[in-house]
Every structure is written in C-alpha cells, then in structure tokens.
Protein chains: 2
Amino acid sequence: MASREQAVETQFTNVIGTLNLLFAMRDHVPEAHLVKLGTMGEYGTPNIDIEEGFIEIEHKGRKDTLPFPKMPGSLYHLSKVHDSHNIQFACRVWGLRSTDLNQGVVYGIETDETAQDERLCTRFDYDEVFGTVLNRFCVQAVIGHPLTVYGKGGQTRGFLNIRDTLQCVELAVENPADAGEYRVFNQFTEMFSVGQLAELVQTAGAELGHEVEIEHLENPRVEAEEHHYNPTHTKLLDLGLQPSHLGDELVRSMLKAIERHRDRVVESAIDPVTHWNPERQPLQAG
Amino acid sequence: MASREQAVETQFTNVIGTLNLLFAMRDHVPEAHLVKLGTMGEYGTPNIDIEEGFIEIEHKGRKDTLPFPKMPGSLYHLSKVHDSHNIQFACRVWGLRSTDLNQGVVYGIETDETAQDERLCTRFDYDEVFGTVLNRFCVQAVIGHPLTVYGKGGQTRGFLNIRDTLQCVELAVENPADAGEYRVFNQFTEMFSVGQLAELVQTAGAELGHEVEIEHLENPRVEAEEHHYNPTHTKLLDLGLQPSHLGDELVRSMLKAIERHRDRVVESAIDPVTHWNPERQPLQAG
C-alpha cells in the first residue's frame, strides 16, 4: 500500500460500502442473494491446505467448523477479509444469503464476447499495482524488458482465465445460497509459481522470435518466496465449471495481441517502485 | 446494532482510527508498543476451547499456528476483529510491536484510587447497550425490577473486576511485545453464566433486605443460550496478575453504593428494546 491515504480510502470504500449494502439488503430485499468478489489473497500462505472458507478443527478433544483463519499480505486484501467477516455476520444473524467468490489471479485479455469487436476490449493492466503477473510478463517479453521475477520466484498462487471468472459468477448466481447461508467458493482453476510463469512466457516468446531474459529482482514485497500451497477448489467444479487451461497457445495469443499495441506500452510503469516495508528498518529483520 | 448509521460510525471510528494510528506509528515511532483494548467477544462461542489469539491447527497431515478463527455476535465486536487483523499485519509486515488485550466483561464500580473521593467516581452504565450484566442486575435488584435474564441464561462469558483491568494494562505496558510481535492476552479472571450471576445477585440482595425476582425474557439477541465455553487465560497470570474474585461481599458493596444513589436511576433504561434480528423474519428461522 503506497500511502496512508490510499490504505484508508481502500478500507473505507470496501468495508463501509459493503456494510451499507448489507443494511440495504436487510431492510429492503432480504431474500436477495449477494454474490461478492473476494480474493484468494485473504488466506495468505499458511502451512496447511486452504479450505473453502471454513475448516473443521479438532482441538483438545472437541470439534467445530469455523471460518478459515486469514493472514493476508496487504491492506487491500485485509479490506476483503473485513468484508467477509461482516457478510458472514449478516447471514448468520440477519438470515441473508451470500456467496463469497475468493478469486485467484486473473489472466487473459478477452472473452468470446469482447473478441467480437476491438471496441469491446477492456482495460489491460501491467503496472506493479494493478497488473497481474502473467499480463506483466507478456508485456515485458514483447518490449524486450527482462521478466521481473521477485526474489526466488517460488511464490505460488491459484490462477484462472478471465473467461472462467465470468463462468464462475454465472454459476454462483444460477445456484443461489440458502437463506442464512454464507458460502465461500475458491475461484481458480490451476496453480503456478511465478518462476513457472516466467519460463512459460520465455518459451512462448521464443516461438514468436522474442529473446526473453528472466531477472530475479530483490523482492519489494514482504511475502514467503517458497511455501506450501494447496487450496481446495471443488465447489465450483461441482456446480459445472469447465476450466480453461493455461498453455503455450494462450500465452502466444496474448503476446500477439500485445505486439499489435506495442507502441502504446508505458515503459516507465514496468519496474516496481513500492517497497511494502517502506524503510526496511533494522527492526523488521527480527 | 440499532441502525445502519450507528454500525457505520462504529466500524469507521474503530477501523479507520486504528489504521491511522498504525501508519503514525510506522512513520514516526516504529519502536513504540501499541497496547490495544480488544474484547473476548471477538471469538464468539465456538465449540472448541478458545486460545489466546492463535491456535495450532493440524490438518491433512500438516501443521501451522494461525490466528484463532473469529465469529463475533455483533457489528461492534466485528470492528475489533477488523482491528486485530490490521494490527497483526502491521506487526508482521512493518515490524511494529503490539499487545491486544481481549477483555472479558467488566464489573465493579471503583478502584482504590477512585474510592478516595466521590468526585472521582466514573460513569456507571446499566442500560441495554453499554450496561454490562452484573451492573444491570445490581441496579435492578435495588429498584425492585425483576432481573432481566435473556432466554435460558446459559450464556457464559469471562469476567473481571475493573481493578484487574487496570492491573492487566499495567502488566502489558511493563512487559512489552518484541519488535514484529503481535500477541494476544485473554483478559479475564473467572467465568460465569448469566443465570449464575442472577442467583448471586438474588442471594446478596436478600441479605440486604431486597426481594429479588428473576425473569426469563425472550432473548432480544441472536446468540447461543447454552454452549461450550472454556477459553485459555494464562498469559497475564504468567506475568503476575493477582485476580480479584467475585463473591457475595463484592456484590453487596455494589448494591450498597447503588442504594445511596437510588433516586438517580433512570428506570426507562432497564428493559431491552433493540432486537438484533430487527424483523424476526420467517427466513431467520431457516
């Protein structure tokens, strides 16, 4: 988070906005089904398998199924954690119904619908804040910038194609939660490490004649660069999700689209400038 | 929570206020120790023993120590849950240090210091929102109002004397957290059910000549009226906390103090008027 002002704006907008929405539902449309876009980033990277929203815990001879503990890596992701807690309360105490889609990292530039006409293209982010890793690597490959792998590149996350995002939202809407039910779907289709994605882009880039270097930058974030990661993601598959898979062909099609707009790339937006621990103070080492 | 406006004000004040404080610490006094007053209400009443902030979870053959899952019963308590997540982030990522005091229900009307002079008396709440259960029952006993037990009265919580609250804060300040450490102390000394407290007040009241009835009202809250409750609370004892205990004598001294000010009791503030599920809609029954 770049500044106090941005952190406050982010948490205010998400937490208070969602709270107002919940009261509006309670007072005016208590039967409505809230489909909320959360994020896999709410969980962080615990050393146990991540479940879909709730986990059965056996402790000192007793058992309960409780919200999965959250340990996110940014104040943005924390705003979504706060939302999740408030929404769960509204379902539990007021009897509302909600599906929280904990989405992984999205990649891709088009759906069947937007592909019909260039004027339907959506925004494509490749900067350090809003740009997701595969989009960034593809832009870097096309403009001849070394791929910016942060640290060791072992950071592993769940990914999904933008086409699958829309399929998931549709499945949630068509199969609503019960009254009083707060359910969480982990919304991603495949897992990759940052290093694996860099190699994928390097290979696909070479096939199109790009010489792609991989650079391991000092990590500007505070995150584990090697860790366990094995989140459950069966609930959307059970509802009928047909996953798209990430491979050479998809990456090549992204690279070709970026080549067509290469002259519009803002090169100054590529390198990371925000250090998550702003001073790297000695006390952080402890 | 009585209204949307109050819920928004509560979450805004706590979440954004604490966030601003964390940035101020990060940028100006990163070595300072934040001692934060949270609440035992953050945990709710899970069916397993509550630990002090974190719990070791064994799951599918792997282990991790993670934040204890939170399932609070009100939007006020949720604001404290959000604070806890933000503070833990600031410690983990920025290297700040903090102690989160998850306080139980406070009772009592004086400390050694305030007892020196009536002008040092603090506010004494006995209404449905700010009044805690023992304080409410003592006022009810003195004015001849039946004790307002909500539902079955099996709601069990951790309690502590106002004298111990101050001792706990002092112990936390004198034994600061390490740099980068976020620690949680469960701050209470004894556990009682609402029904047990009603009987205690009835007995102590009889000794002072009050005929005290116990009434089981329809519960205006959404909460379990019978549940497991066995939270750990050893960390403050390990630091030297000397607990005061709740018994007949303490209750009689409270009753006598209230008798002296009986003419100031606002009787219309006694009965609960706020229904936590505002409409008791049919869908809540599901």
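Modeller: Buried area is the accessible area (1.4 Å probe) that two parts lose on being put together, summed over both. This is a predicted model, where local features need pLDDT of at least 70, side-chain atom pairs count only at pLDDT 80 or more, and totals for chains, interfaces and linings use all residues. Residues are numbered from 1 along each chain as its sequence is written, and side-chain values use heavy atoms, without hydrogens and water.

Biologist: What area do chain B and chain A bury between them?

Modeller: Carbon and sulfur atoms carry 63% of the area buried by chain B and chain A. The total is about 5,600 Å².

Biologist: How many residues of chain B are in contact with chain A?

Modeller: Contact means heavy atoms within 4.5 Å. On the chain A side, 57 residues take part. 100% of the interface residues of chain B are also interface residues in chain A, so the copies meet through the same surface. For chain B the number in contact is 57.

Biologist: Which residue of chain B forms a salt bridge with E51(A)?

Modeller: A salt bridge is a side-chain nitrogen of Lys or Arg within 4 Å of a carboxyl oxygen of Asp or Glu. Two are counted between chain B and chain A. In the one with E51(A), the closest N and O atoms are 2.8 Å apart, and the partner is K60(B).

Note on methods
Chains are lettered from A and ligands numbered from 1 in the order in which they are written.
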